[in-house]
Amino acid sequence: MITVQYAKAFPHMRINSVEPGFTATDLNDHRGTQTVEEGAEIIVRMAQLDQHGPTGGYFDVHGSLPW
């Protein structure tokens, strides 16, 4: 809900939430099923959106996710 509210408050910015997946990090004692690089892919992709990209959404590496 906060993502949608921020997206409405700042219409000239692209504001989204991302799900990086179960990534092997210190936080989970490296039990994740993907590398840090794989987990970062969606974060980097969304950070590079231009003014025509989606806003107010929730995404993983495969695309849009339902709230």
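These questions and answers cover a three-strand sheet and two residues, Ser17 and Gly39, in a predicted model.

Residues are numbered from 1 along each chain as its sequence is written. Local features need pLDDT of at least 70, side-chain atom pairs count only at pLDDT 80 or more, totals for chains, interfaces and linings use all residues, and side-chain values use heavy atoms, without hydrogens and water.

Colleague: What is the strand order in the open sheet?

Modeller: Strands are DSSP runs of E, at least two residues, numbered from the N terminus. Two strands pair if DSSP finds at least two bridges between them. The pairing here is mixed, and the order is β1-β2-β3.

Colleague: Which residue in β2 is the bridge partner of Val18?

Modeller: Two bridges join β1 to β2 (residues 58-60), and these strands run parallel. The partner of Val18 in β2 is Phe59.

Colleague: With which side chain does the side chain of Ser17 make a polar contact?

Modeller: Ser17 lies in strand β1. A polar contact is a pair of N or O atoms within 3.5 Å; within protein, one must be able to donate a hydrogen and the other to accept it, and residues adjacent in sequence count only if both atoms are side-chain atoms. At 2.4 Å, the partner is the side chain of Thr3.

Colleague: Is Gly39 buried or exposed?

Modeller: Gly39 lies in helix α2 (residues 36-47); helices are DSSP runs of H or I, at least four residues. Buried means under 20% relative accessible area, exposed over 50%, partly exposed in between (1.4 Å probe, protein chains only). Because its relative accessibility is 4%, Gly39 counts as buried.
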